[in-house]
Amino acid sequence: MDQKYLTDTRRLLNYIMLSPSPFHAVAMAASELEAAGFIPLDERKPFSIKRGNSYYVKRNSSALIAFTVPSSFSGFHIVSAHTDSPCLKIKWNPEVKAQGMPTRLNVETYGGLLLQSWFDRPLSIAGRVFIRRNGKVEEKLVNMGQKMTLVIPNLAIHQNREANNGWKISVQKEMLPLFSDGDASFLDEVASSAECRKEDLLDYDLFLYNKTAPVFWGAEGEYFSSPKIDDLGCAWSAFEALKATAPTGKISMCALFDNEETGSGTKQGALSDFLLSVTERIMESLGMSAEEKYIQYADSRMISADNGHAVHPAWKEKSDVTNFPRMNGGVLLKYSASQKYTTDAESGAYVKNLMEKNNIPYQVFHNNSDVAGGSTLGNLSSQKVSIRTCDVGVAQLAMHSSYESAGTKDTTALLSLFSSFYKD
């Protein structure tokens with residue numbers, strides 16, 4: 001195994017382990033971009049954009065757009081991805097108590113998660129809290145992983161003889177993690193993590209996450225498993241390529257949206273005005289007329305990055321009958337006649353040519369015509385900013401599990417595509 005593949009994936013996995021929630025994922029990306037010279041912008045203040053500089057702007061602390069403006073350009077080259085992953089979210093007043101029983105925490109599902117993958121795992125809690133400090137409301141990130149581990153225990157086979165024959169899992173009954181065998185207060189624990197008094201804890205967005213460390217596996221470490229490969233693998237590759245690549249002739253942009261797993265219909269999702277408003281404000285700050293802005297959009301491209309399914313060796317019939325994407329087979333180029341993926345012949349030809357020019361391996365992805373696949377960002381964001389778009393990703397197994405698997409070589413292939421796209 002080439003050490004470059006392992007090194008790139010180790011860097012990705014370090015980012016994933018430091019990003020247990022979308023808020024942490026954006027904070028980490030912003031920190032790395034700022035260290036690379038990107039200037040923070042505030043949506044509440046006028047944009048002052050200068051050619052030759054790089055900038056980033058956050059929304060809701062869970063979505064981020066970063067961009068570099070060359071001295072001369074025509075149009076945008078945008079890579080979009082998302083920061084959220086399917087999981088379990090903590091409700092308010094979460095303690096579920098029963099006489100003589102451990103206290104459990106009340107949760108609800110966020111996105112389409114594989115429920116069984118959350119049983120018997122070391123779990124913890126991360127997200128953001130809002131606290132009162134000196135009479136003002138302050139936002140703060142929390143990660144309780146250093147001091148708290150929770151478990152959602154399975155029912156023993158002796159008490160559920162049908163466990164291996166399939167059963168419908170009740171979220172409200174079965175998916176509540178064990179929290180305490182004593183008098184511990186959940187809000188006390190959260191306040192302690194936020195370094196505030198419980199009475200100053202006003203609200204929170206807190207999620208369970210899988211604490212299991214990532215691993216390389218296979219004869220040569222050619223595969224890896226980790227939480228949140230979908231879609232932090234694409235998000236990391238997008239901003240990593242952006243900060244490392246000098247653009248030539250286009251405004252290079254990375255757009256990381258939240259809430260893709262619940263339909264993107266939020267102020268920080270792909271269906272919001274976030275991308276539209278940022279691109280418009282860039283062009284207005286640079287003094288472009290309405291006519292010039294239309295020309296810029298017409299000369300732009302976007303790559304929508306979200307992973308796809310590798311052929312499962314036990315379930316080959318779930319994949320397409322002539323296209324068999326596999327882990328370590330290169331970048332997925334995703335097609336769908338229903339337009340859940342935006343790739344058409346024009347955008348597909350452009351990306352294929354780009355990858356072949358740069359010796360980047362790729363493979364074609366179609367869903368089996370009888371097995372509906374998921375949707376993603378590109379077809380939604382194009383409703384707000386209509387530019388030529390292609391959907392890509394990497395092939396992975398166990399999508400929407402709390403612990404997913406992918407190919408080590410594909411991290412490098414995706415990173416190479418985004419770098420080539422920004423340079424093109």
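**Entry 1: strand β16 and its partners**

I began with β16 and strand β18 (residues 388-393), which pair in the antiparallel sense over 3 bridges; strands count as paired if DSSP finds at least two bridges between them. I took helices (H or I, at least four residues) and strands (E, at least two) as DSSP runs, numbered from the N terminus. I noted that this is a predicted model, in which local features need pLDDT of at least 70 and side-chain atom pairs count only at pLDDT 80 or more, while totals for chains, interfaces and linings use all residues. Residues are numbered from 1 along each chain as its sequence is written, and side-chain values use heavy atoms, with hydrogens and water left out.

Which residue of β18 is the bridge partner of Lys334? I found that it is Asp391. I then looked at β17 (residues 362-365), which pairs with β16 in the parallel sense over 4 bridges, and there the bridge partner of Lys334 is Phe365. Between β16 and β17 the chain passes through helix α8 (residues 345-357), and I recorded this β-α-β crossover as right-handed, a term that applies if, with the strands pointing away from the viewer, the path from the first strand over the helix to the second runs clockwise.

Not counting residues up to four places away in sequence, Thr342 touches Ser347, Gly378, Asn379, Thr389, Cys390 and Asp391, contact being heavy atoms within 4.5 Å.

**Entry 2: the sheet of 9 strands**

I followed the open sheet of 9 strands in the order β1-β2-β3-β13-β4-β14-β18-β16-β17 and noted that the pairing is mixed. β1 (39-41) and β17 stand at the edges with a single partner strand each, so one side of each has no neighbour in the sheet. On average, neighbouring strands of this sheet are turned by 25 degrees against each other, direction ignored; axes are lines fitted to C-alpha atoms, for helices over the stretch in contact, and angles run from 0 to 180 degrees between N-to-C directions.

At one end of that order I saw that β1 and β2 run parallel and are joined by 3 bridges, and that Ile39 has Tyr55 as its bridge partner in β2. Helix α2 (residues 22-35) packs on the sheet, where it touches β1, β2, β3 and β13, and its direction makes about 20 degrees with that of β3.

**Entry 3: helix α6**

How many residues does α6 have? I read 12 residues (274-285), with a reach of 16 Å from the first C-alpha to the last, close to the 16 Å expected at 1.5 Å a residue; the expected span is 1.5 Å times one less than the number of residues. The buried residues of α6, among them Phe274, Leu275 and Met283, pack against β2 (54-59), β3 (63-68), β4 (73-82), β13 (249-257), α7 (290-298) and β14 (301-305). Just after α6, I found that Gly287 takes a positive phi of about 80 degrees.

**Entry 5**

I traced another open sheet, of 5 strands, in the order β11-β12-β20-β19-β15, with mixed pairing. Its edge strands are β11 (215-217) and β15 (308-309), each of which pairs on one side only. β19 (residues 395-397) and β20 (residues 404-407) pair in the antiparallel sense over 2 bridges, and the bridge partner of Leu397 in β20 is Ser405.

Ser405 is buried, with a relative accessible area of 11%, and its contacts, leaving aside neighbours within four places in sequence, include Trp217, Phe224 and Leu397.

Finally I compared the axes of α8 and α10 (residues 408-423), which come within 10 Å and cross at roughly 105 degrees. That makes α8 roughly perpendicular to α10, since angles of 65 to 115 degrees count as roughly perpendicular, under 35 as roughly parallel, over 145 as roughly antiparallel and the rest as oblique.

Methods. Buried means under 20% relative accessible area, exposed over 50%, partly exposed in between (1.4 Å probe, protein chains only).
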